[in-house]
Amino acid sequence: MTIRRAEVADAVSLAPRLREADRRECLAHHGIDPQFILPWSIQEDRLAWAFIDDDGKCIGLFGVSPVDQHPYFGLVWMVTSDDVFRHKKKILRDSPVWLNKLHDLYPLLGNHVDARNRSHIRWLKWLGFSMLRVVPEFGVERRPFIEFAKLRSKPCA
């Protein structure tokens, strides 16, 4: 598996194969089918990367988006297919490296995660994100989402 800059074609190919939890989260948050919002997100977001398996197939996308009026805060996001679990060790090993790269761009990273998306919540906690609060009615479906964030920590000199 490799990681490279995401292309719109990656989003188009991934959308019909999304994990059910990611599909539900996307719909609950935005109310837009992933087949439409993922390609738009990649086109709009220049800071997105793709997980590519050994067959050249996109098995996941992740990125960080700027927040208007908050130059030090980036919204992190990730969606995957079930195929990503075949590469779990590599993803877990590489995640802190990529998190540091995202922190180089934005000292504060965060977003909201669907409270039903247990695997992403476990992964975010493992990466050191704090679960800040439950927003009981979030997104277009007014479902519980958890606000999370992580402030980059610099080692003391």
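# Close-up views of a predicted model

**View 1. Strands β5 and β7 in the sheet.** β5 and β7 run antiparallel to each other and are paired over seven bridges; a pair of strands is counted if DSSP finds at least two bridges between them. Helices (H or I, at least four residues) and strands (E, at least two) are DSSP runs numbered from the N terminus. Within this pair, Gly110 has Ala149 of β7 as its bridge partner. The model is predicted, so local features need pLDDT of at least 70 and side-chain atom pairs count only at pLDDT 80 or more, while totals for chains, interfaces and linings use all residues. Residues are numbered from 1 along each chain as its sequence is written, and side-chain values use heavy atoms, with hydrogens and water left out.

View 2. β4 and β5 are paired in the parallel sense, over three bridges. There, Leu75 has Gly110 of β5 as its bridge partner.

**View 3. The β6-β7 hairpin.** β6 and β7 pair in the antiparallel sense over six bridges, and Met131 stands opposite Phe148 in β7. Four residues lie between the two strands of this hairpin, and Gly139 in the turn has a positive phi of about 75 degrees. Arg142, in the loop between β6 and β7, also has a positive phi, of about 55 degrees, although it is not a glycine. The side chain of Arg142 forms a salt bridge with that of Glu137 (3.8 Å, N to O); a salt bridge is a side-chain nitrogen of Lys or Arg within 4 Å of a carboxyl oxygen of Asp or Glu. Glu137 is partly exposed, at 49% relative accessible area; buried means under 20%, exposed over 50%, and partly exposed in between (1.4 Å probe, protein chains only).

**View 4. The β3-β4 loop.** Gln69 lies in the loop between β3 and β4. Gln69 is not a glycine, yet its phi is positive, at about 70 degrees. With a relative accessible area of 75%, Gln69 is exposed.

**View 5. Salt bridges.** The whole structure holds 13 salt bridges. One of them joins the side chains of Asp104 and Arg152 (2.5 Å, N to O). Asp104 belongs to helix α4 and Arg152 to the segment after β7, so this pair ties together parts that are 48 residues apart in sequence. Asp104 is exposed, at 56% relative accessible area, and Arg152 is partly exposed, at 22%. Another salt bridge links the side chains of Asp114 and Arg116 (2.7 Å, N to O). Asp114 is buried, with 2% relative accessibility, whereas Arg116 is partly exposed, at 30%.

**View 6. The largest pocket.** The largest pocket has a volume of about 880 Å³. Of the 40 residues in its lining, Gly63, Val76, Trp77, Met78 and Asn111 are the closest to the centre. On a 1 Å grid over the protein atoms alone, a pocket is an open set of points where a 1.4 Å probe fits, with protein on both sides within 12 Å along at least five of seven lines; lining residues have an atom within 4 Å of a point. Points are joined across faces, edges and corners, and a volume is the space filled by probe spheres set on them. Elements that each supply at least two lining residues include α2 (20-30), α3 (34-44), β3 (58-67) and β4 (70-80). α4 gives the most, six residues. The lining has 25 nonpolar, nine polar and six charged residues; Ala, Val, Leu, Ile, Met, Phe, Trp, Tyr, Cys and Pro count as nonpolar, Asp, Glu, Lys and Arg as charged, and the others, Gly among them, as polar.

**View 7. The second largest pocket.** The second largest pocket holds about 320 Å³ of space. Its lining has 14 residues, and Phe85, Lys88, Leu92, Ser119 and Trp123 are the closest to its centre. β4, α4 and α5 each give two or more residues to this lining. The largest share, five residues, comes from α5. By class, the lining of the second largest pocket has eight nonpolar, three polar and three charged residues.
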